[in-house]
Amino acid sequence: MKISVLGATGAMGGFVIKAALQEGFSIENKVSSKDNIGTLFNNTEAIIDFSCPIATESMLRYAIENDEKVPMVIGTTGLSKLHTDLMEECAKRFPLFYAPNMSFLIAIINMTVYAMGKLLGEDFDVEILDIHHKFKKDAPSGTALMFGKTIAKARGRNFSDVANFVRYGIIEQRQRGEIGFTVQRCSNVIGTHEVSFMGEYENIKIKHEAHSKEIFAKGAIQASKWILKQPKGLYNMNDFTKDLMVPMVKSLYKDFFDRNIEI
């Protein structure tokens, strides 16, 4: 498979190139945010982007203005509604995969917090902790925001109505359904996320720690192989993992609630 990498000179770009070569891919174009964006589309089957919002925007605009139809996998974080709108426009022409976190375990956790949001409801307060290295520029992380939006969706609430990003000075009493965020940026932490559901009499926490950025690169490589088989449209990790996870979950719960199981 022939791919182009945007953000090739960055840390994640290096991991993507390494993972792609291990998979037997051919790296046709290695492009940084300062290079000619148009070269990304030369003689390639897919583009993998781990760059910065400005470079991602340039790539998407170029694709629209030049009617390019090369499938894309975007893992850049810190994107805005502008980028989402551009991705949706591109997705009318070709398949585009976007995920702020390419880890399969994160996909499983996201499904879990959705279930907990449904089952526990607003009697449980939710706090999301996001810890990354001191060089990360966006906060909260895309993954932390994803968890918050997932829980809000499970509860039937608009995320913007319940998200609380700032606590300073004299603050109001916590509102029912509020989803709080705490951000730490320190040292060389790859990425830690913790979602806490805190009730009056008991609490539960779900924590994920990434020990290497290679997990995101490997996920992007698998996504690039998958996206080539999809029709035009905008896809995410839920789409990518659905075919595998839905049958697995159905079987899991069928077995769990079997009367023959001894607890």
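Predicted model: local features only at pLDDT ≥ 70, side-chain atom pairs only at ≥ 80, totals over all residues.
**The whole protein**

Color by secondary structure. The protein has eight helices and 11 strands. Its radius of gyration is 20 Å, close to the 18 Å that the globule rule gives for 263 residues, so the protein is as compact as a globular protein of that length. The spans are about 60 × 55 × 35 Å. Of the 263 residues, 45% are buried.

**The largest core**

Next, select I3, V16, I48, V73, F97 and M102. These residues have the most contacts inside the largest nonpolar core, which has 28 residues. Which elements give two or more residues to this core? They are strand 1 (2–6), helix 1 (11–22), strand 3 (46–49) and helix 7 (214–227). Helix 7 gives the most, with seven residues.

Zoom in on I3. Leaving aside residues up to four places away in sequence, I3 touches A20, F25, S26, I27, E28, N29, T44, A46 and I48.

**The second core**

Now select L6, L60, V70 and C90. They are among the 19 residues of a second, separate core.

**The cysteines**

How many disulfides does the model have? The count is zero. C52 is in no disulfide, and the nearest cysteine sulfur, that of C90, is 16 Å away. A disulfide needs two cysteine sulfur atoms within 2.5 Å. From C90, the closest cysteine sulfur is the one in C52, and at 16 Å that is too far for a bond. C90 has 0% relative accessibility and counts as buried, whereas C52, at 27%, counts as partly exposed.

**Helix 4**

Select residues 104–120. This is helix 4, with 17 residues. At 1.5 Å a residue it should span 24 Å, and its end C-alpha atoms are 24 Å apart, which agrees.

Look at the N-terminal end first. S103 caps it: a side-chain oxygen of S103 lies 3.2 Å from the backbone nitrogen of L105. Then go to the other end. Just after helix 4, G121 takes a positive phi of about 70°.

Which residues of helix 4 are buried? Show I106, A107, I109, N110, V113, M116 and G117. An α-helix has 3.6 residues a turn, so residues three or four places apart point the same way. Look down the helix axis with that spacing in mind.

Now show what lies over the buried residues of helix 4. The cover includes helix 5 (142–154), strand 9 (191–198), strand 10 (203–210) and helix 8 (237–256).

**K136**

Finish at K136. Find it in the loop between strand 6 (125–132) and helix 5. Is K136 buried or exposed? K136 is buried, because its relative accessible area is 17% and the cut-off for buried is under 20%.

Show the side chains around K136. Another, of 3.1 Å, joins the side chains of K136 and D138. With residues up to four places away in sequence left out, K136 touches T77, S141 and R185.

How values were computed:
Residues numbered from 1 in each chain as written. Heavy atoms only, no water. Buried < 20%, exposed > 50% of the residue type's maximum accessible area, 1.4 Å probe, protein only. Core = buried A, V, L, I, M, F, W, Y, C linked by side-chain atoms within 4.5 Å. Helix = DSSP H or I, 4+ residues; strand = E, 2+ residues; numbered from the N terminus. Contact = heavy atoms within 4.5 Å. Expected span 1.5 Å × (residues − 1). Polar contact = N/O pair within 3.5 Å; in protein donor to acceptor, adjacent residues only side chain to side chain. Rg over C-alpha atoms; globule rule 2.2 N^0.38 Å.
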